[in-house]
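Open the structure in your viewer and show the side chains. This tour goes from one group of aromatic rings to the next.

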Amino acid sequence: MISSFLTAAGLGIGAGINAYATLLVYGLLARWMHMSGELPRFFSSTPVLIVLGVLYCVEFIADKVPAVDHVWDAIHTFIRPAAGAVVAWASVSDKIPHGAVIMAAVLAGGVALGAHVAKASIRGASTVTTAGFANPILSLFEDVFAFATAIIAIVLPWLVIAVIAAVTLFFVTLWRKVHPEPR
């Protein structure tokens with residue numbers, strides 16, 4: 001059951017950064033790994049994969065344009081947590097009891113919201129400090145991070161602990177640089 005919660009948390013992190021990349025990875029892996037269940041079959045269906053691929057391409061372009069990426073993030077404040085909860089539900093629904101599935105989906109939605117807020121905050125700071133020039137680079141990093149986190153969450157869920165530790169260390173280090181201790 002712990003690995004199911006780690007899968008849910010990892011998918012939530014990925015969905016909070018890039019929902020369509022995470023859903024696309026899930027759908028492709030569900031097809032490739034022949035996952036059972038109604039939701040994995042839905043996400044691995046060709047029409048759904050095509051829609052997710054198109055949405056990912058739209059996000060890929062929108063996320064590289066500094067003014068557009070902020071509007072995109074504002075809209076996705078509602079979409080990314082929902083996507084995190086849905087993909088977590090799909091990934092664990094046939095593995096753990098129903099009550100635990102609900103808890104995993106809520107966990108993933110909350111983690112997705114937290115990851116989304118962190119992403120949007122970093123993007124806002126990047127726009128202010130670099131006039132938006134760093135945003136496309138950040139966006140590419142976010143895309144790779146979302147894809148990698150989704151793969152790790154599904155294939156090697158225990159590595160999600162390392163992802164969470166690395167992200168936490170990054171933000172603690174960033175916080176200390178921005179807010180140095182008084183002497």
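Why are Tyr 56 and Phe 60 separated by about one helical turn? They are 4 residues apart in helix H4 (residues 46-62); helices are DSSP runs of H or I with at least four residues, numbered from the N terminus. The model is predicted: local features need pLDDT of at least 70 and side-chain atom pairs 80 or more, while totals for chains, interfaces and linings use all residues. Residues are numbered from 1 along each chain as its sequence is written, and side-chain values use heavy atoms, leaving out hydrogens and water.

A search of the whole structure finds 6 aromatic pairs. Tyr 56 and Phe 60 form a tilted one, 6.0 Å centre to centre with 50° between the planes. Rings of Phe, Tyr and Trp (its six-membered ring) pair if their centres lie within 6.5 Å; planes under 30 degrees apart are stacked, over 60 edge-to-face, the rest tilted.

Now colour by accessibility. Tyr 56 counts as buried at 13% relative accessibility, and Phe 60 as partly exposed at 33% (buried is under 20% relative accessible area, exposed over 50%, partly exposed in between, with a 1.4 Å probe and protein chains only).

Next, select Phe 141 and Phe 145 in helix H7 (residues 135-155), 4 residues apart. Their ring centres are 6.3 Å apart and their planes at 25°, so this pair is stacked. Phe 141 counts as exposed, at 57% relative accessibility.

Finally, select Tyr 26, Phe 42 and Phe 43, which ring pairs link into a cluster.

Definitions and conventions
Helices (H or I, at least four residues) and strands (E, at least two) are DSSP runs, numbered from the N terminus.
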